[in-house]
Amino acid sequence: MWRWRWVRVTNRLPARAVLLSFDDGYESFYSKVYPLLKQFNYPAVMALVTGWLEVPPGQIVAGYGAQTPLRREAFITWEQAREMAASGLVEYASHGDAIHTGVPGNPQGNLQPAAVTHRYDSSTGRYEDDAAWIARVEADLRRSRGLIEQRTGARVRAMVWPYGAYNKAALRA
């Protein structure tokens, strides 16, 4: 669900401005997009899934998708992220740490977006309560932001919700 929020802008954007934004932190951003950003001096925003960048080299990135598993090398390294942040052309947004996955959302085992779903535990037959759910989301957001800021030296000012799924409680988190 998309929601527009009006913000007060102190610096005016040029007519017909465009925002270049990219999700997930694929290696192709570094090898193909970043050289073009440098060539044309265009800024961009990259939403990083920090949990995927923490996977050791050679391993499969869990949670990416069962039908298209990717190795860690399909994503940028923290060193590349640091270089791009230092260029002043790439700003990082959080795309979550582990909430870019589906969690069991009902007794049938259907996977739902982790940021907005109370996880169903089939061993107990219960859903996670409100306090546990919001604590899980808050911890994930803190970890993601902290990793990006620690590893790149860049301040995180935005959150890009995985699958565009969020609600009022997630926004408060």
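Which residue forms a salt bridge with R145?

1. The model is a predicted one. The opening question is answered by E149, which pairs with R145 at 3.2 Å between the closest N and O atoms. Both residues belong to helix α4, where they are four residues apart, or about one turn of the helix. R145 has a relative accessibility of 41% and is classed as partly exposed. E149, at 27%, is also partly exposed.

2. The structure contains five salt bridges, and R145–E149 is one of them. Side chains of opposite charge can pair when their charged atoms come close.

3. Another salt bridge joins E54 to R151, with 3.3 Å between the closest N and O atoms. This pair connects distant parts of the chain, since E54 sits in the loop between α2 and α3 while R151 is in helix α4, 97 residues apart. E54 has a relative accessible area of 28% and is partly exposed. For R151 the value is 29%, again partly exposed.

4. R136 and E128 form a further salt bridge, their closest N and O atoms lying 2.6 Å apart. Are these two residues buried or exposed? Both R136 and E128 are buried.

5. Helix α3 spans residues 78–87, and its buried residues are W78, Q80, A81, M84 and A85. They lie on the same side of α3 because the arc they cover around the axis is only 155°. The other side of the helix carries E79 and A86, which are exposed.

6. Just after α3 comes G88, whose phi is positive, at about 80°. A reader checking the backbone at the end of this helix will find that value at G88.

7. L36, F40 and Y42 make up a nonpolar surface patch of about 320 Å². Y42 is located in the loop between α1 and β2. With a relative accessibility of 44%, Y42 counts as partly exposed.

Definitions and conventions
Residues are numbered from 1 along each chain as its sequence is written. This is a predicted model: local features need pLDDT of at least 70, side-chain atom pairs count only at pLDDT 80 or more; totals for chains, interfaces and linings use all residues. Side-chain values use heavy atoms; hydrogens and water are left out. Buried means under 20% relative accessible area, exposed over 50%, partly exposed in between (1.4 Å probe, protein chains only). Helices (H or I, at least four residues) and strands (E, at least two) are DSSP runs, numbered from the N terminus. The arc is that of the directions from the helix axis to the C-beta atoms. Patches are made of residues with over 30% relative accessible area and no salt bridge: like charges are joined within 9 Å, nonpolar side chains (Val, Leu, Ile, Met, Phe, Trp, Tyr) within 5 Å. Accessible areas come from the Shrake-Rupley method with a 1.4 Å probe; for residues, only the protein chains shown count as cover. A salt bridge is a side-chain nitrogen of Lys or Arg within 4 Å of a carboxyl oxygen of Asp or Glu.
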